[in-house]
Amino acid sequence: MKFSLSDDQIEFGKVAGQAFAKRSGLEYARGALDDSDLPFPTGEPWASLGVMELLADESRGGGGTVLDLVVVAEQSGKHLTPARLVSFAGRAVTLLEALGSPEAVTLLEAGLNGGRTVAVADSTRDSADRLRLDPSGAVHGRTAPVLDGVAATDLIVLAETDTGPVVVAVEVTSSSPAVRRVDPKPLDATRGLAVFEFRGAAAHVLSAGASVVPAWDRAKNVALVLLAAEDLGAATQANELARAYALTRQSFNRQIGSFQAVKHALVEAYVGEEQLRSLVWLAAWSADAQPESLRLYAASAAAYAADVLNRSAQTLIHTHGGVGFTWEHDAHLYWRRAQVDKELLGSAGSHRRTVASLNLDLELTP
């Protein structure tokens, strides 16, 4: 593995970063906390970058790699931009391409051309609420919080049946009493979380059979890598803001960055950032070149990302002292992102258990 980005990837990240900087999520995050009716961005502004179809087949304008998309995700995380990279560009596109059925391709193309806003939903951890498909083709159950769910028109879910799991799509824009959407008060508005309850909602089967679970698992692991990449970008920006303030703010006629308590905290946050970057790139590389290791490396990156972003956000707040704890500073927005991401697509504890179990059974490739 060449442990560096290509010149094209560096340039791609730079262009994406400039675009995200112009439409930063910080302004939306502040506005949505004050106005719960503020429309959630659906990601169309980024279509011209070509990032939504990056993991799609070349016939649909794709042909990129997970590492290419990771470069973009790091930039979206840096600006807390709700660009739907994890939910759609990563997870939904990967899943629908792998399923490959006519129904899946139709939904994929509708999502790529902006006709539909597609998201992927997981079951809750409570077995009583698990998503189930009855013989009449209706879905029952309750989803876990869905990333970008507040803007979704169609949800893809893995539903249980008497003959095994199937992947189905449920339209969630109708006024049918069979679909109920709950929008919790957002801790981080840029994640657009929503919970859906299905009581006999009509569903369209996208695929069934032995191949659906491997396809579902790979798409979820790709999403974990992208989520970790967004956390890496957010941690990088939080560290940079804290460092810049420590170099300019003075106390007792000294830069506060010269005080041991401050500089040690900044160094620890930076070390975490660099270690996470290595894990994210390794996980992205495995998705493209060594898929049998993706689950292990994706879980490793996801578990570590939660701690790294949380530490960087807290360091940003503490470095700024009193102003860091106020609403006037953006520090709380990075802290909010950290708290939400700790529980998205599985907790850090569940990812650590995955890493532990796989390390006991898997012989790693050097």
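F40 is buried (under 20% relative accessible area, with exposed over 50% and partly exposed in between, for a 1.4 Å probe and protein chains only), at a relative accessible area of 12%. The model is predicted, with pLDDT of at least 70 required for local features and 80 or more for side-chain atom pairs, while totals for chains, interfaces and linings use all residues. Residues are numbered from 1 along each chain as its sequence is written, and side-chain values use heavy atoms, without hydrogens and water.

Two aromatic pairs are found in a search of the whole structure, where rings of Phe, Tyr and Trp (its six-membered ring) pair if their centres lie within 6.5 Å, and planes under 30 degrees apart count as stacked, over 60 as edge-to-face and the rest as tilted. Y28 and F40 form an edge-to-face pair, at 6.0 Å centre to centre and 75° between the planes. Because Y28 lies in helix α2 (residues 25-34) and F40 in the loop between α2 and α3 (66-78), the pair ties together parts twelve residues apart in sequence. Y28 is also buried, with a relative accessible area of 13%. The ring centres of F196 and F198 are 6.5 Å apart and the planes at 20°, so this pair is stacked. Both F196 and F198 are buried.

Helices (DSSP runs of H or I, at least four residues, numbered from the N terminus) α7 (residues 260-289) and α8 (residues 294-319) pack at about 155°, with axes 8 Å apart. Axes are lines fitted to C-alpha atoms over the stretch in contact, and angles run from 0 to 180 degrees between N-to-C directions. Helices α7 and α8 are therefore roughly antiparallel, the term for angles over 145 degrees.

Key. Helix = DSSP H or I, 4+ residues; strand = E, 2+ residues; numbered from the N terminus. Parallel < 35°, antiparallel > 145°, perpendicular 65-115°, else oblique.
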